[in-house]
Amino acid sequence: MRITFIASECVPYSKTGGLADVVGALPEALSTLGHEVEVIVPRYRSTKPGAVLPNAASVTIPLSSGFRFASIQSGGAVKGVPHYLVDCPEFFDRDGLYQSKDGKDHPDNALRFAAFALAALEGLKRVSKPPEIIHCHDWQTALAPVYLKKLYANDPFFKHSSSVLTIHNLGYQGLFDSQILPQISLDGSVFNIDGLEFFGKVNYLKGGIVFADFITTVSSKYASEIQTPEFGYGLEGVLQSRASRLQGIMNGVDYDAWNPATDKLIAARYTPKNLDGKLVSKRALLERMGVRHPALDRPVVGIVSRFAAQKGFDLIADIAGELARMDLHVVALGTGEPEFEQLFRDLAASSPDKFMVRVAYDNEMAHQIEAGSDIFLMPSRYEPCGLNQIYSLKYGTVPVVRATGGLDDSIQEFDGTDGTGFKFSDYSGPALLDALSRAIKTYRQPEAWKRLVQNGMKCDFSWSASARAYARIYEQLSASKGRTQTAG
Ligand code: ADP
Ligand code: GLC
């Protein structure tokens, strides 16, 4: 089958979070299953220019606010998967994928990502063959299914194409003033409760949910959660109405990039059988963080995260006093909302021997924290899947997580023999503290801890099983499209 991914970020070209990891790895897993896959992403200012080859085609972007023009460049093949970059400097040659340096959304995001969706569809026609599946991700590309149904319904090129939308995070929907509609080649016929209208605004993600042929999200638990008012962000009703076309598929991870047995970014490599390199990595991490004579028997709690309300760091603020009195180090790496950056800076200033903080985006350090920590903390308010807890399992770093979304699906409570981590359900500081205390108590029992560490390291979250689940959906869609057309 021919499958085209359209996404706003993708490793190694661009990344702000886990979306880029997924779009960077799933296509390769699908191509290993024998599918022909290609990926289309924007060419941002930060897109590694070395990878870009000469223009493959130039396309007209049919925006009703005025045609724009983009060149479709070949980004080369990554592990056998061709990548195309939409180069449209007016929209993408600037700092930040979605926000400027001061943390504010780019004011023309509505136009930028409408233009990207259209450029991707137009570009496909120039550089590729008709795909059976167009797989979109999150609000930034959720208009592609809308355009396919509303503008391209009679285009012979897309006659056999079905669309899939993956929701990586319902907390970001692409909500814009309704005046955007006449600028993005859509008319009032989509502005109603069965279309893109959402409390008087235009909601791109809702458009994708309504118009895509199939919707997936990134864990089974999150697929049920988003159909409830607590997690649905107002879209629970429309998601319920599409429940028969909605499925949760747990993300895999790329063990070529995240494996302590081969990782060149960490101080020493290690395996479940020989964990010596983990202790070397712990010492190196603490030294890098400025600890002069690291006490290696003291547990290190790692955090690597976007600093966003979703991630639950207000709970850390609630228990900061208790944490400062405990015999541990907290090593945190992240960037994001100023409020949380400040929280971590304040913690580091008040207890520098306990809290070591880097407000930065640093892939190398992310690997070193995974390897050098004993415990990995993810107290998320909600978490569609979460990748860091899965990386942590592989690095023998025991996850302490809130039992939500993919965190709940991927981590089992340790019972002394079986299980891979520690979970808490109540969104409260005391519940978090209790789970962390259970982890530290087990850390003090070397035999039990070793077993727990090895349980995690033996888990397999490679992409192959998830890729097969996606392939089954693609095949059903493609078969039913064939049936509809025969019947029609
Ligand atoms: P989300 O996509 O919600 O941010 P995930 O756990 O799915 O959460 O993925 C986060 C990804 O981003 C991981 O690959 C993680 O290592 C990376 N990451 C997040 N923050 C940073 C940071 N400050 N520096 C380096 N990598 C980071
Ligand atoms: C989102 C979610 C995260 C998920 C990632 C990749 O950013 O917040 O939980 O792992 O997408 O699907």
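How do the residues of the shell around ligand 2 divide into nonpolar, polar and charged? Six are nonpolar, six are polar and two are charged. Here Ala, Val, Leu, Ile, Met, Phe, Trp, Tyr, Cys and Pro count as nonpolar, Asp, Glu, Lys and Arg as charged, and the others, Gly among them, as polar.

This is a predicted model, in which local features need pLDDT of at least 70, side-chain atom pairs count only at pLDDT 80 or more, and totals for chains, interfaces and linings use all residues. Residues are numbered from 1 along each chain as its sequence is written, chains are lettered from A and ligands numbered from 1 in the order in which they are written, and side-chain values use heavy atoms, with hydrogens and water left out.

**View 1. The shell around ligand 2.** 14 residues surround ligand 2. A residue is near the ligand if one of its heavy atoms lies within 4 Å of it. The closest are H168, N251, E383, C385 and G386. Domain 1 (2–252 + 464–487) and domain 2 (276–459) each supply at least three residues of the shell. The domain bounds come from an automatic or database domain assignment. Helix α1 (residues 18–32) gives the most, with three residues. Helices (H or I, at least four residues) and strands (E, at least two) are DSSP runs, numbered from the N terminus.

**View 2. Polar contacts of ligand 2.** A polar contact is a pair of N or O atoms within 3.5 Å; within protein, one must be able to donate a hydrogen and the other to accept it, and residues adjacent in sequence count only if both atoms are side-chain atoms. The side chain of Q310 places an N or O atom 3.0 Å from an oxygen atom of ligand 2. C385 uses a backbone N or O atom, also at 3.0 Å from a ligand oxygen. For G386, a polar backbone atom lies 2.8 Å from an oxygen atom of ligand 2. On its own, ligand 2 has 310 Å² of accessible area, and the protein covers 93% of it. Areas come from the Shrake-Rupley method with a 1.4 Å probe; for residues, only the protein chains shown count as cover.

**View 3. H83 in strand β5 (residues 81–87).** H83 is buried, at 3% relative accessibility. Buried means under 20% relative accessible area, exposed over 50%, partly exposed in between (1.4 Å probe, protein chains only). A polar side-chain atom of H83 lies 2.8 Å from the backbone oxygen of V81. Beyond four places in sequence, its contacts (heavy atoms within 4.5 Å) include C10, Y13 and V39.

**View 4. K423 in strand β18 (residues 422–424).** K423 counts as buried, at 19% relative accessibility. Its side chain makes a polar contact of 2.6 Å with the side chain of D408. Among its other contacts beyond four places in sequence are V401, I411 and R438.

**View 5. F211 in helix α6 (residues 204–211).** F211 is buried, with a relative accessible area of 14%. Residues up to four places away aside, F211 touches P145, V146 and L196, among others.

View 6. Most residues other than glycine have a negative phi, and most peptide bonds are trans. The bond from V11 to P12 is cis, with omega near 10°. P12 sits in the loop between β1 (2–6) and α1. K79 has a positive phi, near 45°. K79 lies in the loop between β4 (68–78) and β5 and is partly exposed, at 45% relative accessibility. S185 has a positive phi of about 65°. S185 belongs to the loop between β8 (175–176) and β9 (197–198) and is buried, at 16%.
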